[in-house]
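Reader: I am new to this structure. Please take me through one part of it closely, the salt bridges and what surrounds them.

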Amino acid sequence: MITPLLRLAKFFKKNKLDAVLISSHSNIVYFTNYSGFSKEEREAYLFITDNKQYILTDGRYSQAVKTLIADFKLIEISPKLSAMDVLKKLVKKHKIKKLGFEGHNLTHLEYKRLSKNIKNMSHVSLASLRITKTSKEISLIEKACRLGDKTFDYVLKKIKLGVSEKEIAFEIEFFIKKQGGDISFHPIVAFGKNSAIPHHVPTNNQLTNNQIILLDFGVKLDNYCSDMTRTVFFGSANAEFKRMYETVLAAQQKSIEKINILMSQSPNIPASQIDRAARDYIISKGYKTIPHSVGHGVGLEVHESPHLSPKSKNILKEGMVFSIEPGVYIPDFGGIRIEDLIVLEKKGPRLLTHSPKQIIET
């Protein structure tokens, strides 16, 4: 089985690295399978050479690291022994000539301190290591998606006249946590014209008759995420809503069909073409272009590679998990987005989310 550390070993050779410093929370989880460190605070680093793995953290996590992270040697940092002091010693001990670091994550101050002692530092992106999922990772994402589908069924029953966006967002989070999961991001719940704002933050706005309801939420289980969006109508859907909805649903299907067409020609699929299939269809129906990408990868993070956007350079391959989420948004009227997660398999794309997509009038 190809493990994260084996993938990293190949990455070392390709990039001619002697070691890599890992600072981002998601990559620490990826290599250690431990998610107890804070996302907001810098509580740990990984320092990995071609034959040695170290984890640098403080006394609050020492016991957990010793118990749960068997493949890494713990070095406990403290006010008397800073992480930078330890890294300086490790570079000298292992005679590191070229150190890779996560330039998108390391702060400017951290970089300045490191570069004083390490002359040859190279920014690296580890996205390529996580972009293709193992069968175990896919299984975990699928498990999160199943809970997401159950959550959608549950929250539909909570929709009633006078309920607020915040109350529905709470119900989503409450149900997920009661089922043993966590949210992968704060739910987006938007009523009426608020649904025209793609990343609307739920308010105390109350539901009235004949309004659009946009629900975008995700589950996190065993560190892996799901993501889905459904748009329903409270009351009797009018003709404009139905036309918008059918356009978005058809646009999503156009992207999926495009994957199948391109797979019959090559195992490598340009992500930008999948975006274009949905985007061009929506424009052809007289609507404005989608104000966001048509899709994104999902795994340990709810947004990661690959990126399905007009300028994306990513190539979709077997084993990748990503969303397809076209949308139409009309200010002062409302918006519609339909989002599903897909895994690309040898036989083609397979849906991981299964909530109904026909027009729902509650």
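Author: The count comes to 16 salt bridges in this predicted model. Take Asp-216 and Arg-337 to begin with. Their closest N and O atoms are 2.9 Å apart, and the pair forms a salt bridge. Asp-216 sits in strand 9 (residues 211-217) and Arg-337 in strand 19 (residues 334-337), so this pair ties together parts 121 residues apart in sequence. Both Asp-216 and Arg-337 are buried.

Arg-337 also meets the side chain of Glu-325 in a salt bridge (3.8 Å, N to O). Glu-325 lies in the loop between strand 17 and strand 18 (327-330), so its bridge to Arg-337 in strand 19 links parts twelve residues apart in sequence. Glu-325 has a relative accessible area of 8%, so it counts as buried. Arg-337 has 2%, so it is buried too. Elsewhere, salt bridges with shared partners join Arg-130, Lys-133, Glu-301 and Glu-304 into one network.

Asp-182 and Lys-177 give another case. Their side chains form a salt bridge (4.0 Å, N to O). Asp-182 is partly exposed because its relative accessibility is 34%. Lys-177 is partly exposed as well, with a relative accessible area of 43%.

Now back to strand 17 (residues 321-324). Strand 17 runs antiparallel to strand 20 (residues 340-345), and four bridges join them. There, Ile-324 stands opposite Asp-340.

Methods. Residues are numbered from 1 along each chain as its sequence is written. This is a predicted model: local features need pLDDT of at least 70, side-chain atom pairs count only at pLDDT 80 or more; totals for chains, interfaces and linings use all residues. Side-chain values use heavy atoms; hydrogens and water are left out. Two strands pair if DSSP finds at least two bridges between them. Helices (H or I, at least four residues) and strands (E, at least two) are DSSP runs, numbered from the N terminus. Buried means under 20% relative accessible area, exposed over 50%, partly exposed in between (1.4 Å probe, protein chains only).
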